Each structure stands twice: as C-alpha cells, then as structure tokens.
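Subject: Structure for you to look at

Hi,

Here is the structure I promised to pass on. My notes on what turned up follow below it.

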Amino acid sequence: MTVHEPSPVVNESSSPQQVSSHQSEPLVKVEGLHKWFGKLHVLQGLDFEVRRGEVVVLLGPSGSGKSTLLRCINFLEEPQKGRVTVGGVTVECGRWGRAYQRAVHAVRLQCGMVFQEFNLFPHKSVTENIIEAPMLVKGMSKEEATKRARELLEKVGLSDRADYFPSQISGGQKQRVAIARAMAMDPQLMLFDEPTSALDPELIGEVLKVMKDLANAGMTMIVVTHEMGFARDVADRCIFMDGGVFVEEDTPEHLFFHPREERTKQFLRHILPKAEDSVERHPGGGGAPLEFDS
C-alpha cells in the first residue's frame, strides 16, 4: 500500500475542534483484520487507525471489501481474526464467551451507522423511529428521548416532519432521519455505507450537507461513498481498497490528482467527473471538476 504523510494544511471548512482532535489519540484502531465468507477471503489482514475528529473515506470498486470493513468495525459482521479497538474498548476477533460479547456490545454503543437503505420502521413516525433505541438500549425516558429527537431533527432540517411517517417523506428526508436516529445514541464514531446511493440525484445534496455539518462539528466519521466532491472537500484521508486490501492511502488532494498506484489510476479514470462535468450538480456535493495526472 502506498501511504503518504498527510499535508499539515487543514481544510478551510475544518473547525478548531477538528484541528485539535486530529492531534489526539486514535479513536479507532484495526489490527490484522481478516474476514472470510466461506472460502472467499474478503478482508486480508487490514491495519489502520482513525483519530478523533478525523473523516476517512473508503473508495474502491464493488466487492473490494469497503462495506464489510464498516460492518466488521461495529460487529454487524464477525471478523474471524484480528483486533478492533473503538474508544478504548478492544475486541479480540474470533473469540467467544461473555467477556467477548460484553466487549462487542461496548463497541456497538459507541458506533452509529447509516446504511444505503434507510431501514426506518414504516409503522412508526419520524420521532418514534428516533426515540426507539435510546429508550430501549440506554433506558432514556420518553420525554428526554423525544426532546433529543426534536433537537436532532432541527439539526438535519426536518423539524417540520417530526410527526410524519416514512411513507410521507422523500428519500433524502428518510436518510436524514436515519442520520438523526444514529446520532440519538450519542456515538463517538459514525459509519456511513454509501448513504446516497439509493437516492435520486436531486436529493443527494441535502444528505451530503448534513454529513458535512457533522464533520465540521468534529464528528469522527468513516464513509464509504462514490461522491468524489464530498470526499475531496470533507475527508482528511482517502483509502483506496481493492481485493480486500488497502492499495493506496493519502489526502484527497494527492490521491485524486496524483495517484501513485496503477490500479488507483484505473479506478479514478472511471469514477471521476470529466472536465466538463461539475460536481456542483449536487448542492452541497461541492467543488470544481476533478482531474488527475496520469
């Protein structure tokens, strides 16, 4: 894997909280992570760290292991080998027993996850979807959970949709509700698995804006996305994956415009907008057209 030392230059949009947090200890540490599905070796000994307040974007073709890596970090998938640490809680993968289950539960409590599909309860209102987990998992009172839900809905621009049902709101609004639902558990880490892939093009910008606001507020994020404008504007680091390994890792500026590995260049030729196509077609997607040196 090609790794370049990140530039000391900080994105202009970064808050002071983000800048100081990047100098702190790692929030996430993955060591020697392996995952098999039968004979298919999906993750092949991955190692990486994510510091508090850092935004890391995972790029790569379908089947490269990006989503599986996210799901292994919060143990929606069980890695067979390696070690995962989140917020000081370490899980030795491939083990069993009560101590293992307690550690997995402790890691999950620190992670919020937003999926490609919204996974909202259709028979519950927007507010009811958000308050469900805090009440059941954290023992929060309905009054307290509802107050928190209203605050989060205001942050994602949906305070006027609190009593609507999922069938009454758009796809972009559903995904913003899903983000608010994940944030209701007060996670230290947010995992996003292609959160805009199921949306109509005109709805993508509203979701990316909420994600940008989270990043600017200092939330630690690992994001799987093909939205290159978002990655360039918001990510501190981008990691290109293929075949279950990290091929190349660098700042967005270097990875997009000066990739070193031929496999990275091949991928970027297919995914980066052409010079005449601006990523500004998505409000909040951000920025000018992307090109790179070949």
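The second largest pocket is lined by 18 residues, and those nearest its centre are Arg108, Cys111, Met113, Ala133 and Met185. A pocket here is an open set of points on a 1 Å grid over the protein atoms alone where a 1.4 Å probe fits, with protein on both sides within 12 Å along at least five of seven lines; lining residues have an atom within 4 Å of a point. Its volume is about 560 Å³, taken as the space filled by probe spheres set on the points.

This is a predicted model, with local features needing pLDDT of at least 70 and side-chain atom pairs pLDDT 80 or more, while totals for chains, interfaces and linings use all residues. Numbering starts from 1 along each chain as its sequence is written, and side-chain values use heavy atoms, without hydrogens and water.

Back to the pocket: α3 (98–109), β7 (111–114), α4 (126–138) and α6 (171–183) each supply at least two lining residues, and α4 gives the most, with four. Helices (H or I, at least four residues) and strands (E, at least two) are DSSP runs numbered from the N terminus.

α6 also meets α7 (residues 201–216): their axes, lines fitted to C-alpha atoms over the stretch in contact, come within 8 Å and cross at roughly 20°. The two helices are therefore roughly parallel (angles under 35 degrees).

Finally, six of the eight residues of α2 (66–73) are buried, meaning under 20% relative accessible area with a 1.4 Å probe, protein chains only. Just after α2, phenylalanine 75 takes a positive phi of about 65°.

Best wishes

Notes: Buried < 20%, exposed > 50% of the residue type's maximum accessible area, 1.4 Å probe, protein only. Axes fitted to C-alpha atoms, helices over the stretch in contact; angles between N-to-C directions. Parallel < 35°, antiparallel > 145°, perpendicular 65-115°, else oblique.
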